[in-house]
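Visitor: I'd like to go through this model with you, one question at a time.

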Amino acid sequence: MTEQPTTDAAPQAPGSGEPHRHAHAERSRIPMWVAIVLAVVFGGGVALQSRVNGELAAAIDDPYTAALISFGSGLVILLVVLMFWRPGRAGFAKVRDGLRTGRIVWWMLLGGLAGAWFVTTQGLSAGVLGVALFTVAIVAGQTIGGIVFDVIGLGPGGRRPLTTMRVIGAVLAVAAITWAVSAQLPHDVPLLLMLLPFVAGVGAAWQQAVNGRVKVEAGSAFTATLFNFAVGSAALAIVVVVHAAIAGWPSSLPAEPWLYLGGAIGCVFIAGTAVLVRVVGVLLLALCGVAGQLATALALDLLLPTSDVPIDLATIGGTVLAVVAVVVASIRWTKHKHVADPHADGVAVSRTS
C-alpha cells in the first residue's frame, strides 16, 4: 500500500519568492508506546547476546573467532529461512530496483560493517579501557550519532528535529550509563584510545538507520537482516584470518550448545530494530537500547551472576535513570516528522509500506 505524504506550507525562505514546503513522514501502523517497549526489549537482546558471546570468547580465548561464529551462525540461519520465505527473496529484487532508481545507494547495504567494527574495536580497546569505559564511549557515540542521523534524515522515518526534550534524554542516557559503571571507571583514561569505541557507537547508530532504509525498500526486515549478517560475516572472516596468522587458531570449541545462540539472538534484534527505527527514530532507538541493555544486564547479574561482586546502588540507579531518559526523549510536542529531501543524493525516503 502506498501513502502520499502531506505537505504543510511554511514561511518563505529568505530571498525566495516561493513558500517553503516540506513533506512529512507518514504515521506507522505500530503505536509509539508499543514501539518503545519493543525497542527496550530488543536492547535487552543485545545484552543477552553480549553475555553469550562473551562466554564463548572466554571459552576459546579468542573474541574475534567468537564474533565470527556468532555472525556466521546467524547468516546460516537466515539462509535456511530464505529458502522458505518468499517475501525475503522478493526483497532482493526490490533492493536492486531501489539501487537502480537511486532511492537507496550501495553503501546503505553495508550496515554489517558497523557490527564487525564494533566487535573488532572491543577486542582492540576494551581490554585497555575496561568494559565500563568502553561502554560509556559506545553509548556516547550512539547518542551523538542518533542525534545527527535523525536531524539529517538518514533513517527511514525522515528528519526528526532536535528538541529540548530529546537533548535532555540524550544527556540523561549518557549520565545513566556513566553512573551505572562508575565504580569500574579507571582513573587514567587514554583519551585517544576512546575514539575507537566512540566511532563504533556512531557506527551502531548509522547501522540502525541504513538497515531501516533497506528494510523499507525491500519491504521485508528479513532482507535487511540478511544483508547485515552477510556483510558483517565477510568482514569478520578477514579479521579472523589476520588474527589467526598472528596468534593462531583456537585449540578447541566448547560443547555447550547455548554458547552458539548469539547469532540467533542477533537475527531477532537486528530485524526488530530495522522495523522500529522508522517509528521511533535513530536517537530514541539508541536510548531504548541503552535502557534495555542495562535492565537485562542487571537481571542477568542478579539471576545468573558470573562473579561474586555484589550489585551496587550505582548500577541500579543508572538503570532507572536510563528508563527516565527514554521517557523524557519520547515526549513529542508535534506529531509530524519531516522526511529527507527527495532531491538529495541517495537519501530520498521510500514511502511504500
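Visitor: Is G158 buried or exposed?

Guide: A note first: this is a predicted model, in which local features need pLDDT of at least 70, side-chain atom pairs count only at pLDDT 80 or more, and totals for chains, interfaces and linings use all residues. G158 sits in the loop between α5 (131-152) and α6 (164-180); helices here are DSSP runs of H or I with at least four residues, strands are runs of E with at least two, and both are numbered from the N terminus. Buried means under 20% relative accessible area, exposed over 50% and partly exposed in between, with a 1.4 Å probe and protein chains only. The relative accessible area of G158 is 2%, so this residue counts as buried.

Visitor: How many Å apart in space are G158 and G281, C-alpha to C-alpha?

Guide: Residues are numbered from 1 along each chain as its sequence is written, and side-chain values use heavy atoms, leaving out hydrogens and water. On that numbering, G158 and G281 are 123 residues apart in sequence. Their C-alpha distance in space is 8.2 Å.

Visitor: What percentage of the accessible surface belongs to carbon and sulfur atoms?

Guide: Of the 353 residues in the chain, 49% count as buried. The accessible surface comes to about 16900 Å², by the Shrake-Rupley method with a 1.4 Å probe, where for residues only the protein chains shown count as cover. The part belonging to carbon and sulfur atoms is 69%.

Visitor: Are α9 and α10 roughly parallel or roughly antiparallel?

Guide: The axes of α9 (residues 262-303) and α10 (residues 313-329) come within 9 Å and cross at roughly 155°; axes are lines fitted to C-alpha atoms, for helices over the stretch in contact, and angles run from 0 to 180 degrees between N-to-C directions. Angles under 35 degrees count as roughly parallel, over 145 as roughly antiparallel, 65 to 115 as roughly perpendicular, and the rest as oblique. The angle therefore makes α9 and α10 roughly antiparallel.

Visitor: How many charged residues are in the contact of α9 with α10?

Guide: On the α9 side the contact includes L284, L287 and C288, and on the α10 side T315, I316 and G318 are among the residues. Ala, Val, Leu, Ile, Met, Phe, Trp, Tyr, Cys and Pro count as nonpolar, Asp, Glu, Lys and Arg as charged, and the others, Gly among them, as polar. The contact has 14 nonpolar and 3 polar residues, and the number of charged ones is: none.

Visitor: Which residues does T223 touch, not counting those up to four places away in sequence?

Guide: T223 is in helix α8 and is buried, because its relative accessible area is 0%. Helix α8 (residues 221-247) packs against α3 (residues 86-101) at about 75°, with the axes 8 Å apart, so the two are roughly perpendicular. Beyond its neighbours in sequence, T223 touches A218, P87, G88, G91, F92 and V95.

Visitor: How far apart in space are F42 and F269, C-alpha to C-alpha?

Guide: F42 belongs to helix α1 and counts as buried because its relative accessibility is 16%. Among the residues that F42 touches are V268, F269 and G272. Although F42 and F269 are 227 residues apart in sequence, their C-alpha distance is 5.0 Å.

Visitor: Which residues is A116 in contact with, leaving aside neighbours within four places in sequence?

Guide: A116 lies in α4 (residues 112-129), and at a relative accessible area of 4% this residue is buried. A116 and A234 are 118 residues apart in sequence and 8.9 Å apart in space, C-alpha to C-alpha. The contacts of A116 are F71, G232, A235 and L236.

Visitor: What is phi of D61?

Guide: D61 is in the loop between α1 (32-60) and α2 (63-82), and it counts as exposed because its relative accessibility is 67%. Most residues other than glycine have a negative phi. For D61 phi is positive, near 55°.

Definitions and conventions
Contact = heavy atoms within 4.5 Å.
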